[in-house]
Amino acid sequence: MKPSFIRLVALLLFPPLFGYTQIDVSGKVTDATTGEPLIGVNVLVKGSSTGTITDYDGVYELNVPSKESILTFTYIGYEPTEMVVGSQKTIDITLATQAETIEEVVVIGYGTQKKQNVTGAVSLVSAEDLKEANATSTALALQGRTPGVNISSTSGSPGSSPSIRVRGVGSINNSAQPIVVIDGIISSIGALNNLNPQDIESVSVLKDAASAAIYGARSSNGVILVKTKTGEEGRLSVQYNNLFGVSTLPRRQDIMNADEYRDFYEKVYEEHNATYPNDQRVFPAAYTDAVWTENGQTDTDWQNLITNDLALKQNHYLSLNGGNEKSTYMISLNYVTEDGILKTSYQDLYNVRINSEHKIGKRIRIGENLAFTVKNGRREANTPYLTAAVTSPLLPVFNEDAKGGYQGPDPVFTGINDRTNPVAELELNERFFNENNIFGNLYGEIDLLPGLTFRTVLGVNYFNRRTTNWSPRYELVQRSNPTATLSESDNYARRWQFDKILRYNREFGSHSFGLMAGHTAEKDIGNSITATASDFRWESLQTIGGGNPELITSAQGIGERTGESYFGRVNYEYANKYLFVGTIRRDGSSRFGPNNRYGTFPSFSVGWKISEDLFNGPRYGWMDMLKLRFGYGFNGNEPDRNFLYETFISTYPEHVYTLGQTDRAVFGAAPFYTFGSPELRWESSEMINYGIDFTGFNGKVEFYAEYYVKNQNDLITNLPLQLVYGLSGDAQPPLVNLGDIQNSGFEFSLSYRNYENPVKFMVAANLTTVRNTVEFLPSNRIFNSDGTNLAVEGHSIGSYFGYVAERILQESDFELDGNGNPIQNEDGSFNPLVPYQTDFMSPGDIKFKDLNNDGKVNATDQTIIGKVIPDFTYGFTFDVRYKSFDLNLLLQGVQNIDIYNRYRSRAGLASGNETSKDENKLRVVQDYWTPENPVTNQTRIGLGDFNDNDRISTWWIEDASFLRVRNLQIGYSLPGNILDRIGINALRIFIGGENLLTFTDYSGYDPEISSTSAFGAIDDGTYPVPRFYQGGLSVSF
Amino acid sequence: MRNIIITLFTAFFLLGCSEDFLEVTNLNSLSESSFYQTEADFEDLLITCYMPMGHAQTSGRMHKLMFAMDDRVLHEQVGISALQYDPTNGDISNIYAALMRGVFRTNLFLQKFTEDIDVSDERRQSMLGEAHFLRGMYYHFLAVWYEVPPLLTEPPEDPRVGYPNATQEEIFDFARQEFELASGLLPKVWAGSELGRATKGAALSFLGRNYLYQAQFTEAAAALKEVIDLNVYSLNMPQGTDSLDYIYAYLSNFTPIDMPNNGKVYPSEFNSESIYEINYSSAHNEGARSSEFLPLRRSTGSHMTWFHGYSAITGGFGNIAAEDKIFPNEFEQPSNHPAGLELDPRYYAFYIEPGDPLDFRPDNPLFDEVFEVGDLNSSMGSQKGVRKHLYPFHTTFTDPNAPFVDPNNWRLMRYADVLLMYAEAQVRATNNFGDASALTALNQVRERAGLEPLNVLSREAIIHERDIELAGEHVRFWDLTRWYKDGWMTLEDVQQLKPNFQPRHVCFPLPLGEINRHYGVMQQNPKWL
């Protein structure tokens, strides 16, 4: 008794001295089923901030204060386990994978749901998948991984925004892109572009009405929900990844060199002068007079010169993650610098993210997710690949004597070819951009009652984009820029969103209820200012004020949108077998007139875990879960322009006329800038979704299948106003709700994983089909601005519209004389025996089909000649690990899609174009048609395309199906014993590549090109997606 | 306590936004509800009624089409030159759109400009006159160029209905009424700062032309006689006897600046010969659209340079050249020209040949620069340019301070044209080729060129004089179609000049896109089916 009393006093007086008898504890943490060591398990002394994590061998060492201390072991995907230290020095722990009841959770709109109990169509991508992708763009990291979601690059330019289509295309005039919700804040694809994939914890794509309808009026194109990583309780963990790589042009076009060019045009002139005796043309001397430079005759390979052989890319990523039971944090820094394969194009990106959460008492949590992004770069306005193809190879690149230092098209060098020097255009015209973006939220959450939680979120998005286009004065002979010009534009946008959400979850026996109700208000403000100046006296003074004050022009645009919504959701589950979810959202938007400002979007879905009822006997031990799902609901799509409901007057600069001898400018105002549509309302879609989910063989096999029918009604379409309405060039015709589109399709996803053997592997495949039909469009045909693609009843949206090319016309298609030669009239024309096409159609031209058999081929013989929505898309992932090695392969394919290769219709057409600029061409034209070479797929040669061979026809529409090795990566993780010595936790090095191999019949640069509008893909020499070789390391401390 | 907290949170939750949260204001544009109130509003609206003919897009496309169709001008758009166009042609559609825009705006003006608007009586009259003139002018061109478009006399209101074709007679007749009405309302002249607005003389001149296109020669002659009798207009006559006096007297009708010669000045825009001009300006710079067009900045005021510059100056497209095989022989070779010229001075104003100075003015830096073969796009096959429309405004090819838009006004109606139209109408109305007033009118035009007066007229003489005097002024092709229709020329006559000419080419087709938008109510002109 006495000693213990003394000891007690001592303890009270000198707690440090006597209180903590430090005990060293160590042990190994392994997986309960496989026995594999678990790396990075959090080991924490309960109630303190003392802790560590397990190393590569699953081993930890820790000082604990006393035998009474309790160790907690936590690891994602495993049951947390506690252990009293007692007298043990070695505590080995096996962690069991989490039981079904608290298994994987899916982020859904305004909440989460157990993955097993999801009733809607939701595609999931985890942080693990994204890590393997190793892409620097989040959107591209999702490519090929998510059935029902078709992601394609629109350009290979660094930082360009991809096109994302969830379940087909359901809109003509509006955006067909899904909305992106990052940590609850509604945004667009652009925000996804700024997000580093390594900061992402999970991505859910809400594809069907039932899951997306909680986002109401903006949900009909699907919703991409992103949750960024949060801090984890425990010791500070530091992660550093880097990546170095080079991009190259994946494919070159075969273009004629100087000799071939000269030979070709020699023949062209001969042929022309022989055919049209009244129109003799002189073969330009420049083509035969060799232009000698120091190195010999000029033979410029423009394609090569505008391309960087090896464009470098670096990515550095550093993250800090940690916290205690009161506060957790995640801080990351990211720097990406990337050169484009097109000369001069590049982008630098800096990204800082701070996510943290703090507990105040037991009931209140507050936190924030904030990202700050800066992007700088240079990007060309137009992709010069077509210019590079048609520019004369006889044009030298440089001319030291010319201002600017480059040689321009000059009859002395290039004859009639006056195409510009694409290298000079790239180098001299400087187009820079700078983008700053603050995106994130502050939130607070309070538990009011058991199960009742109130959450409020304030989201902010501040965006500023500045572009500077500077063209100095330069001399390029026929393409000179006699005065320097500067154009500066500043776009500023800010947005706030304020959510208030009440959640209530309760279980009564076998019944489980969830209720969620919320209100949100939001406001977007945009303001852009553009100013241009020219005629710079001092070119070093590159500011607007440096230009001639009389020539400065400026413009401003102001936009504003406000919105307010109420939304709610009911979940009910009975016995964890019968599942029901109902949602409703009522949206209000300032974009509509007072009569149609509000819309309501309901949905419901049900699920039945049939395995629990019918297949739960011992015979079905292999079956973990089989679930049937059904969902139905309504979604909306909002027009992307403001103030559509009111009629506005058009003013300066469209309307100015001069009076008087001294040119007095008089400004005018006229109808209509916009033709108001007071009755305009949301596009509305109605979707039915059937789904089946299966997991079996202890989670080794997973299979999902979906079938959906989505009817998009009340499409917002331009009412094609007759010209008698006098709309001016910049005016916008009225929008009306007219037209229906149906998308339907199947989605399958199957995966098999086996981690039990030394060779651990996972294979996954997915397949998506889309059938898109314009069901109802009374105004008949809606064309894109190029007039090449349209929406018309009975066909898929964006179908190509043009002529059917049959074959090359032969001499026997024309009236022949006694000697069997075609009879030629005085003006050089021939007399066709086939339907009339043009006055000067001749042997060797393309024969187009006279569809209506009226004896002539004219506009009425145009028809649907191709489609832009693929029949199906698919992806295949293969992931294997053996000892320290890992390999990851991702294939992506698109089947049955067409591209209008307009690049080839110009650079690959043997007969000239109308203005006959003696453009250089692809080598294939050398196989041009002649009476002696009648079997060819090239036309005749000529100095004018009098038969309009380059018109849009099946001749230029190509099948752009492809299968692409999207990503391949081989990694090696350093063994634990080495790591221990250098004191780090894990280190992996990898090499790999993106876009390494493409199987396609498409002849252009890249079959993946796509358009940001619903309307088709025209290849004018698109910036191709580069082939990318990379290597790097990731290390964690 | 707990209940209070819950109540507070529920109340906070239920708190929505105020009712006007969804009301936002468009700060970019005027809204219709606040417009059409004051005199100033209507002045603004009226000026936009003038615009459609002068707007960059329209002018450019008009010049492109009209030059290409002209048999005296060659154009690099060889397809259009060969009359190879169809109802899908974008330029044809664009010009139709511009004319309809003019119709719509004048209709709107005349509908909204009620007695309630506070404006002086005098100005009310002239404003109405301007609107009626413009509506007449747009319909006149619609009748000539497109023959059978719909005839709308009020702004349309329901986009879901189509409008039927009118007959060409109905449209000509409506234009006639408009010109008659306008001629009674418009002033004879405007103050210097208002030049460019419609005048009584413009209305009467178009009235005469309107009749002429319908082959109503008596009425045409009467209207054109009224123009002559206004005593407002006179030809720009030579003020001396050297060759430049003769050239400038004619050429200054097409230059943007007055032409000085030995202390004498030949006025250009809005000179005594000018009846109606499309007033272009270099003052309003639309900015370059792409690097391709950088050296030739487009402007709202003028599209001219874009479409018919020298290739060397502009590097643009749509270049023109002068026909140099047949047309040069049409110019008379006066035996005793007062200035000793070998050819009709209008030859030197129309043609610029390799070796010619770019500018006739010795003090101009371009005097020493000569026109070179390479200055023309050789694809057109002619070595000669059209000086009449290319009077150099740049002082050098690469002068960075030169305006890159052409401020040169387009003379839509000249007094010389009125005199020649009068001569033709009078002769054909009276069937008397010796009609004294017709002879006087036509000989005035010859006199200005320093040519011998004619004693008797002939079909050939009238055709010849119009051919030479109005070459490249977009009148020629429609003269040919007019003469073909009224019997002065046969199909073969026209085909000699325009080899591909077919009966359908007397007008443009109605644009296919527009027909598609009229729900089957408007039909294609049968000539183009």
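**Exercise 1. Find which residues K207(A) touches, leaving out those up to four places away in sequence.**

Step 1: take contact as heavy atoms within 4.5 Å. Step 2: list the partners. K207(A) touches A121(A), V122(A), S123(A), P147(A), G148(A), V149(A), V166(A), R167(A), M687(A) and E747(A).

Before going on, a word on the ground rules: this is a predicted model, where local features need pLDDT of at least 70 and side-chain atom pairs count only at pLDDT 80 or more, while totals for chains, interfaces and linings use all residues. Residues are numbered from 1 along each chain as its sequence is written, chains are lettered from A in the order in which they are written, and side-chain values use heavy atoms, with hydrogens and water left out.

**Exercise 2. Place K207(A) in the fold and decide: buried or exposed?**

Step 1: K207(A) sits in the loop between β15 (200-206) and α6 (209-212) of chain A; helices (H or I, at least four residues) and strands (E, at least two) are DSSP runs, numbered from the N terminus. Step 2: its relative accessible area is 4%, so K207(A) is buried (under 20%; exposed is over 50%, partly exposed in between; 1.4 Å probe, protein chains only). Step 3: look for a side-chain partner. The side chains of K207(A) and S123(A) make a polar contact of 2.8 Å (a pair of N or O atoms within 3.5 Å, where one must be able to donate a hydrogen and the other to accept it; residues adjacent in sequence count only if both atoms are side-chain atoms).

**Exercise 3. Work out how I438(A) is placed and how accessible it is.**

Step 1: I438(A) lies in strand β24 of chain A. Step 2: with 35% relative accessibility, I438(A) is partly exposed.

**Exercise 4. Describe the interface of chain B and chain A.**

Step 1: count residues. 94 residues of chain B are in contact with 91 residues of chain A. Step 2: get the area. About 8100 Å² is buried between the two chains, and carbon and sulfur atoms give 59% of that (the accessible area, 1.4 Å probe, that two parts lose on being put together, summed over both). Step 3: look for charged pairs. The rule finds one salt bridge across the interface (a side-chain nitrogen of Lys or Arg within 4 Å of a carboxyl oxygen of Asp or Glu). E23(B) and R597(A) meet in a salt bridge through their side chains, at 2.9 Å, N to O. Step 5: ask which element gives the most to the side of chain B that touches chain A. That is α5(B), with eight residues.
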